[in-house]
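Good morning, and thank you for coming. I shall present one protein chain, beginning with a single residue and then widening the view.

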Amino acid sequence: MHMDNIQKVIFRNVGRSYFPQTRVECHYNVTGDHSWANRDWIGLFKVGWSTVREYYTYVWALVPEGYSAGQEVDCCATFQPSYLPRPGAKAYQFVYVNASGEVCGVSSQFVFSAPRPLDEVVTLENEKGGEEGAGEDLLVVVPKAQILQSHLEECQNELKDLKMLMEANEREKEQERARNEGDMKVFVKERDEMKEEIIQLMDGLRHNREELEKMELKHKETQSSHQSMSAELVDLLTERDEVQQQIRELADDNSLLTQHWKQAEAEVERMKERVKKMALQRKEEEKERKNLQEELEAAQNELRVMQERMEASELTADALRRDLSELGNLQGHSHAELHQTRLQLAQVNLQLSQANLALREGQAAWSQEKEQLRQIAEGDKERVQKLCREIQRKDEWLQEERAEREKLETELGKENDCNRAQLSECRKEVQELKASLRGAQREREQTQLEKQILLERIRELEKRQEMEADGRWYEAASSYMAQTDSISFEDKTPGAPSSLQADVNEVWAQTQHHVPVEPDEKVEIGAREAKNPVNSHTQ
């Protein structure tokens, strides 16, 4: 029973008690989720039922004419008095069952109770008609069920009148809907005419908008040059930030990959230790299995010796039996020597009795010994079986461990291959990064060299100014030109300044407004100078 199916049919107006002497009407609502079939039925069940076969009585579930699948309708089924249970304290409920035997709805609980004596009849006052009985009242006793039945019929008639009224209202709605459709057609026609007017207005607006867009385009073209210059500046700044970020990310990736490689190596070492331990454990188990096999062979040898002893005892018993039979034969053939050999016979009988006694004792001892041997053999057999099972379990465990080890070795090989590939890629990236850093370092060293040359020029210019103040300009200028010819290899570059005084002023301004440069900015400056060697030399 599923809760979804139980909600497909809903019982309504279920009373708490019913009279079995009157018919019982069951009102229910078939929802749109239920598909009605002509084999659906409604059963009267005792509370606590477990299967749909435990019904007390049932009626076929009916629907109004014109019903279609997926439609929600209100229905009513009637239980006749002759099929209803007797009054009692047992609770019942209505159950809706479809043609497939599935429960689609369950009502609330109710009981069948007998009416009380005062509830069974109703006393009605009625005036007697005619001349003789003028002014006299009559008391009419009528069963209450009949009164209720008449009230029910009146209610049903009122319900039919209401349904007819609803049908009339539906017809009026249809007529109103037809009138609304005519009005809608007129409205649609007017709307289409307004759409045409709107389209014309939109065309004029579009023409004006196109002219306005042309004017805006001209205005935008005047601003495009300024925006392009701003965009180039922004692109340069963005490129610088991206390069710095890439350098940081590469450094982080290098450290992370190095850490991963160390972790992988540690994991490999742990796996190797585990494999070694497994190999040692396997050797110990093999040694233990061999010891168990040596014990099994000793037990089998001991069992074989006991069997040989048992066979020897059986041979001894057979020899004694043969001796007894021979003595009996001699007694039959030698009646004459019976008197002479009576003493010997008595002695032989005594010996025979002693031999029988010894034989019985031997047989008893042999039976005890045989039972002990059997118990020992069974114990040995159980122990051998236990050892075999233990060996089998060990073999299975070794096979599982071997399979797991092979699996781990395969996974480890795959992981090592992946780690090697990642490590090779990381090494390539690190080498590329180192190459870029070496290039940046070389550019930085070149920049430092140029800076030192410029500082030497500044010192020489300061000395020249001091010598001008002392009136020795000519000699200092000669020495300066000689020195600059030996160190200023950069002055031959195209675009170098021709005025020495301008060069000095520029360097002096840079030294006065010098700002410390960060390491990342130095690398970036070196990269820009590597791209534009002419500008870097001129600076």
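Let us begin with Leu 250, which touches Glu 429 and Leu 433 when residues up to four places away in sequence are not counted; contact means heavy atoms within 4.5 Å. Leu 250 and Glu 429 are 179 residues apart along the chain, yet their C-alpha atoms are separated by 7.8 Å. Leu 250 belongs to helix 3, residues 144-333. Helices (H or I, at least four residues) and strands (E, at least two) are DSSP runs, numbered from the N terminus.

A word on the source: this is a predicted model, in which local features need pLDDT of at least 70 and side-chain atom pairs count only at pLDDT 80 or more, while totals for chains, interfaces and linings use all residues. Residues are numbered from 1 along each chain as its sequence is written, and side-chain values use heavy atoms, with hydrogens and water left out.

Is Leu 250 buried, partly exposed or exposed? Its relative accessible area is 31%, so Leu 250 is partly exposed. Here buried means under 20% relative accessible area, exposed means over 50%, and partly exposed lies in between, with a 1.4 Å probe and protein chains only.

For the chain as a whole, the secondary structure comes to 8 helices and 11 strands. Of its 539 residues, 19% are buried. Among contacts with a separation of 6 or more, 67% are between residues 24 or more positions apart.

In soluble globular proteins, nonpolar side chains tend to be buried together.

What of the aromatic rings? The count comes to 18 aromatic pairs. Rings of Phe, Tyr and Trp (its six-membered ring) pair if their centres lie within 6.5 Å; planes under 30 degrees apart count as stacked, over 60 as edge-to-face and the rest as tilted.

Finally, the charged side chains. How many salt bridges does the structure hold? It holds 15, a salt bridge being a side-chain nitrogen of Lys or Arg within 4 Å of a carboxyl oxygen of Asp or Glu. In helix 3, Arg 206 and Asp 203 lie 3 residues apart, about one turn of the helix, and their side chains meet in a salt bridge at 2.7 Å, N to O. In helix 4 (residues 342-470), Arg 374 and Glu 371 are likewise 3 residues apart, with a salt bridge of 2.1 Å, N to O. Arg 374 is partly exposed, with a relative accessible area of 38%. Salt bridges that share partners also join Glu 286, Arg 289 and Asp 395 into one network.

Thank you for your attention.
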